[in-house]
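This report concerns a helix packing and a set of aromatic ring pairs. The structure is shown first.

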Amino acid sequence: MEENRGTGVTFGEICKAIKKRLWIVLIVTVAFAALAVLAAQFLYNPSGSTYSLTFTLFYPGKGTGKFPDGSPFHYRDIISLDMLTATKESDGRFEKIDVDKLLEKDGVTISESVSADGTPTGEYTLSVEAGYFSGRTAATDFLRALARRPLIEAVEKAGQVSYTLDESAFRNADYESRIELLTRQKEDILAQYDEWIALYRGNYAVAGKTLSNHRAAADVIFGEVVRTALLGELETNGYVLPDLIASQRAALEAEKQENQAMIEELKRALGEIPSTIALAAEEIAVQPTGGSQPLDLSETLAALLVRNVQIDSQLKALTEENVGAFEGQLDEIYEKLQDAAAKLQAVSNALYEQETSVYFSTSQAAREGGISLVLAAVGGLVIGFFLACIAVCLRELPRAEKRREEQNGAQGAQQPDGAAEEK
């Protein structure tokens, strides 16, 4: 009887073929996994993923949308070429980052979150393409440094703000203008303290004192009583700058002589008949409306007499010694206010050092997009194993089939001889 043998491939033969070439299967599988990881890391992920970092900035007066020197702050300036370049130059680890290309290719972006009613929250998110960095740590370091740039700029600008009064401007002004300049400077100093007190309260301690005490120390300089007294003395004595004393005295002397001549004329007019007085008055006085009205000559005479008394008083007071003493008072106040301005500068520096900070929502930048390397490795293992198995089977199974056919052929050739012997 002839035995029929099936020619199909069994699962056992497949397993046997794979087992026979297991080392090849393992090598191919691992190779595909490595290729998948490398492809994800260096080909797909760099262009298909980004690193993002969310943060919030704090510095005195940020709510005004300005830097300490009054220049505007806009969060989009954080990704300007100047700030990117400054960040790159701040640390040697960033020297290989092509910030020009990063900006040109829109590889860096920034956005501000908004509340439910559409109000900006002051929370910003920086994002960069992963391809510009060697990894998550490098991207995080750069984004953190970039986020701090506005604060560094705020501290620098705070240190550059000057609260002092330019000495040349002060010296070149007349005495009334000097008093006005000193008044304005004091008002500016107090206004700055008031602004900080509104932000942090008066008992906030900075530079060794509370803000209220710093303000009080500046407030006692050049008080209103002193200011009023100086303006009164200036008006009464008619002080002018030292190099103008001679010309001012000459002008006063000339005015006095002219007044005296008018006084004599008025005295004569007052001794004449009323009609003559009225006629003289019409010739002297003119109303602001343009019409002519007779003046009370006695009032005019009294005014001129009073003015000459004032001139005599001013001539007596208008000496280099008196002018020098008055100028010395203004200089003393000027020096005290400049000391107060320097103190204000020190308080400003200390305040910005204390209150300038950045809060990061996460310690590391978040990666978005791309393929996980673990997932890529698993996928590579599966695909590599499957392809390796197929390759091994395609090579080994035909050989096994051929060997089986040869064995079947040999058995078939021997079968007739066995049958003859039985007969």
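## Stacked pair

At 13% relative accessibility, Y75 counts as buried, where buried means under 20% relative accessible area with a 1.4 Å probe and protein chains only. Y124 is buried as well, with a relative accessible area of 3%.

A search of the whole structure finds 13 aromatic pairs; rings of Phe, Tyr and Trp (its six-membered ring) pair if their centres lie within 6.5 Å, with planes under 30 degrees apart counted as stacked, over 60 as edge-to-face and the rest as tilted. Among them, Y75 and Y124 are stacked, at 5.2 Å centre to centre and 20° between the planes. Ring pairs also link F55, Y75, Y124 and F360 into a cluster.

## Basis of the model

The model is predicted: local features need pLDDT of at least 70, side-chain atom pairs count only at pLDDT 80 or more, and totals for chains, interfaces and linings use all residues. Residues are numbered from 1 along each chain as its sequence is written, and side-chain values use heavy atoms, leaving out hydrogens and water.

## Edge-to-face pair

F94 is buried, with a relative accessible area of 3%, and F142 is buried at 0%. F94 and F142 form an edge-to-face pair, 5.4 Å centre to centre with 90° between the planes.

## Helix packing

Helix α3 (residues 81–89) and helix α5 (residues 136–160) pack at an angle of about 115°, their axes 9 Å apart; helices are DSSP runs (H or I, at least four residues) numbered from the N terminus, and axes are lines fitted to C-alpha atoms over the stretch in contact, with angles from 0 to 180 degrees between N-to-C directions.

Key: Helices (H or I, at least four residues) and strands (E, at least two) are DSSP runs, numbered from the N terminus. Buried means under 20% relative accessible area, exposed over 50%, partly exposed in between (1.4 Å probe, protein chains only).
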